[in-house]
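Keep the viewer open as you read.

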Amino acid sequence: MPILEQSDPAAVRRYTDFVAGSRWGNLMQDRGWAYVKKGWIGEQVYLEQEGRITAALSIIFAPAVAGRTLAYAPRGPVCDPYDTQTIAALLREAVPVLKKHRAFLLRFDPETPYDDTLIDAYRKMGLRCRARNCGMHDQIQPRFNMFLPLQGKTLEELMPSFGEKTRYNIRLATRRGITTRWAGAEALETFFRIYLETCERDGIGHRPLDYFQRMLEAYGPEHCRLCLAEYEGEPLAAAIALHYGRKVFYIYGASSNEKRNLMPAYAMQAEMIRWACSLGAEFYDFGGVYSLSKENGLYRFKEGFCHSVGVTELAGEFDRVLSPFWYWAFLRGKPLLQKLRARRKR
């Protein structure tokens, strides 16, 4: 049965190479993502034909309640999302590991655009679809994303496609003396300090330092790097960029409260896009947005770079319910927990 044997280096390498090389591969379907998510357990299942892997699904299990777990396959499966026969076969292969970890739910959210035809096909498979019937914050991953197609161009060739204000801010940062440089784990504490400053300013929660340490370890210095934007040696902005498969991902970014008028974040993004172009990546992934309003600073910032392509609405989440009672309790209890957390922050 094609369940990945974690202790077999050759099998692990074969699985890793398949996911990284697939047009449907995503860094969250790599085994490394389970390592990043401390406290979650990773399992991988796959299909093969004539000794060759043809589809894969990496599942991470999170403790939920009463010994039950939530099984989540972020941005999976690694196959054509319209190939429902292959997806059904993967779900069957996953049954033993789902039972092993006492999962009450298997959830996956392929990185594919929203399509009513696809939604209908998944419903016919017995899956519960969570897309436009959910609030913007009711899903694990944002349903709206920003992808910048690189099309084999350089940063300079891409610049005309950016919004006018974005182009201006990139040039302004250079004129005012902002410099950028690449760094590794030695700059992680600098990144984390600016990251905490950003979270406090925006009133949002934050990851612990070891979360980012594990990310650098999981994907290695050749793929996962820190970019710093500085003024006269003073770090003003920092971000983590990760090259995986066909993309460079803008994972986390942060900016200081100091000298924001120098536009360091724009210089930093330009440098990361330049790196993506130099690698021959097909896309620069800006990540998700929860608001589509120009009043929202994050959306406005990302839209400036993706001005010519706009936002992509993704298909949403698909649930294979394994225990109706615990699934009902999960859906009912999660909003109550979010309200309690919100009250504590007041």
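Let's start with burial: 49% of the 346 residues in the protein chain are buried, where buried means under 20% relative accessible area, exposed means over 50%, and partly exposed is in between (1.4 Å probe, protein chains only). Bear in mind that this is a predicted model, in which local features need pLDDT of at least 70, side-chain atom pairs count only at pLDDT 80 or more, and totals for chains, interfaces and linings use all residues. Residues are numbered from 1 along each chain as its sequence is written, and side-chain values use heavy atoms, with hydrogens and water left out.

Now the overall build. The protein chain has 12 helices and 13 strands; these are DSSP runs numbered from the N terminus, with helices being H or I of at least four residues and strands E of at least two. Its C-alpha atoms fill a box of roughly 60 × 50 × 40 Å along the principal axes. Of the contacts in the protein chain with a separation of 6 or more, 72% are between residues 24 or more positions apart, a contact being heavy atoms within 4.5 Å.

Next, find strand β2, residues 52-63. Because 9 of its 12 residues are buried, β2 is largely enclosed by the rest of the structure. Which way does β1 run against β2? Strand β1 (residues 41-49) is antiparallel to β2, and 9 bridges join them; two strands count as paired if DSSP finds at least two bridges between them. Across this pairing, V45 stands opposite L57. The two strands form a hairpin with 2 residues between them, and E50 in the turn has a positive phi of about 55°.

Strand β2 also pairs with β3 (residues 69-73), again in the antiparallel sense, over 4 bridges.

Now for a loop. E258 sits between β10 (247-255) and α10 (264-279), and is partly exposed at a relative accessible area of 43%. Leaving out residues up to four places away in sequence, E258 touches E197, E234 and L236.

The whole structure holds 2 cavities of 30 Å³ or more; on a 1 Å grid over the protein atoms alone, a cavity is a set of points where a 1.4 Å probe fits but cannot get out, and lining residues have an atom within 4 Å of a point. Grid points are joined across faces, edges and corners, and a volume is the space filled by probe spheres set on the points. The largest cavity has about 80 Å³, and its lining includes V19, R23, Y244 and F249. The elements giving two or more residues to that lining are α1 (9-21) and β10. The second largest cavity has about 40 Å³, with R75, D109, R143 and E317 among its lining residues.

Key: On a 1 Å grid over the protein atoms alone, a cavity is a set of points where a 1.4 Å probe fits but cannot get out, and a pocket is an open set with protein on both sides within 12 Å along at least five of seven lines; lining residues have an atom within 4 Å of a point.
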